[in-house]
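Me: I am meeting this structure for the very first time. Could you walk me through it with a few questions and answers?

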Amino acid sequence: MRALVIDDSAAMRNIIARCLKALGFDVVQAIHGKDAVEKLRSDAKFDVILVDWNMPEMNGYEFIKAVRAVEDWRGIPLMMVTTETETTQVVRALAAGANEYLMKPFTPEMLGDKLALLGVTTS
Amino acid sequence: MPFLSDEIRQMTESVWTSALGLALEPAPDTAAREDDWIGVVQIAGEWGGALVVACPNALVARIASGMFGKLEAELSQDELRDALGETTNMVGGNLKALLPGVCFLSLPAVARGGDWKRKVPYSRPVTVLECSSEGVPFTVALLEKTPRPT
């Protein structure tokens with residue numbers, strides 16, 4: 001299983017990557033949406049994408065819309081991992097094409113539960 | 001009771017325990033301490049202001065060590081900066097949902113040294129929480145925007 005983790009904070013990317021690696025994932029990291037789109041263009045074989053909302057260059061909301069506009073990427077499960085906790089933002093993200101929504105801060109168990117809801121598990 | 005004081009404390013505790021794996025403790029006397037690092041997220045919209053986390057270097061190093069999974073001595077200045085920025089962002093992001101009306105959060109900014117009360121011009125502290133973690137005191141403050149003098 002391969003995961004693409006997108007967050008402008010290296011600290012947060014590291015936390016998410018550590019959780020995912022403990023669950024058996026191989027992890028690729030991107031520093032913002034634009035960087036992630038380039039990584040998808042070169043190799044789109046990801047089983048799940050985890051994306052932050054507030055980032056420079058291309059934010060998470062714009063990234064989701066960009067991903068869902070490309071036929072080959074449309075089926076990749078996508079989880080927003082963000083501090084945007086308002087219901088209106090959750091609804092916006094889901095309407096744009098996110099499949100799950102995880103609010104920061106989170107525990108490794110919470111991340112695992114959300115991945116299970118997406119049907120993305122290594123076991 | 002200061003504005004959203006209990007809520008800010010709860011959010012800070014949640015970030016500290018869930019994301020950082022550190023305990024939040026009652027604050028000791030903080031009169032003599034010096035804040036080496038200041039994390040700020042600006043809040044704009046129907047409520048304007050900023051959320052500030054001011055920490056001594058020892059605590060920022062502890063936070064970054066946990067987030068990056070490195071020994072404190074191995075951490076770069078950029079990693080310290082990034083860790084405090086993300087920590088401030090998590091507290092501010094959760095707080096935003098409780099503020100009146102629609103608000104937007106800036107990306108976090110981190111500065112080294114100085115008095116946090118002077119870091120955000122045209123604002124006044126409305127809630128100041130003196131906290132402690134791993135025996136190191138730190139401050140979480142909510143500042144409200146004030147009119148610029150004409």
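Predicted model: local features only at pLDDT ≥ 70, side-chain atom pairs only at ≥ 80, totals over all residues.

Me: Is the peptide bond from A:Lys104 to A:Pro105 cis or trans?
Reply: As background, most peptide bonds are trans. Omega tells us about this one: from A:Lys104 to A:Pro105 it is near 0°. That makes the bond cis.

Me: What is the strand order in the open sheet of chain A?
Reply: Strands of a sheet pair through backbone hydrogen bonds, either parallel or antiparallel. For two strands to count as paired, DSSP must find at least two bridges between them. The open sheet of chain A has five strands with parallel pairing, in the order β2-β1-β3-β4-β5.

Me: Which strands stand at the edges of that sheet?
Reply: An edge strand here has a single partner strand, so one side of it is left without a neighbour in the sheet. The two strands in this position in chain A are β2 (26–30) and β5.

Me: By how many degrees are neighbouring strands of this sheet turned against each other on average?
Reply: Each axis is a line fitted to C-alpha atoms (for helices over the stretch in contact), and angles run from 0 to 180 degrees between N-to-C directions. For this sheet, direction is ignored.

Me: How many residues of strand β4 of chain A are buried?
Reply: Buried means under 20% relative accessible area, exposed over 50%, and partly exposed in between (1.4 Å probe, protein chains only). On one side of β4(A), A:Leu78, A:Met80 and A:Thr82 are buried, and on the other A:Met79 and A:Val81 are too. The strand, residues 78–82, is therefore largely enclosed by the rest of the structure, and its count of buried residues is five of the five.

Me: Which residue of β4(A) is the bridge partner of A:Leu50?
Reply: Strand β3 (residues 48–51) of chain A pairs with β4(A) in the parallel sense over three bridges. Within β4(A), the partner of A:Leu50 is A:Met79.

Me: What is the handedness of the crossover from β4(A) to β5(A)?
Reply: Four bridges join β4(A) to strand β5 (residues 100–103) of chain A, and the two run parallel. The chain gets from β4(A) to β5(A) through helix α4 (residues 87–96) of chain A. With the strands pointing away from the viewer, a path from the first strand over the helix to the second that runs clockwise is called right-handed. This β-α-β crossover is right-handed.

Me: Is A:Glu57 buried or exposed?
Reply: A:Glu57 is found in the loop between β3 and α3 of chain A. Its phi is near 70°, a positive value in a residue other than glycine. With a relative accessible area of 58%, A:Glu57 is exposed.

Me: What is the relative accessible area of B:Glu134?
Reply: B:Glu134 lies in the loop between β6 (123–133) and β7 (136–145) of chain B. Phi of B:Glu134 is also positive, near 55°. The residue is partly exposed, with a relative accessible area of 39%.

Me: What distance separates the C-alpha atoms of A:Leu111 and A:Thr88?
Reply: A:Leu111 has its place in helix α5 (residues 108–117) of chain A, and it is buried, with a relative accessible area of 1%. A:Thr88 is 23 residues away along the chain. Between their C-alpha atoms, the separation is 22 Å.

Methods:
Residues numbered from 1 in each chain as written. Chains lettered and ligands numbered in written order. Heavy atoms only, no water.
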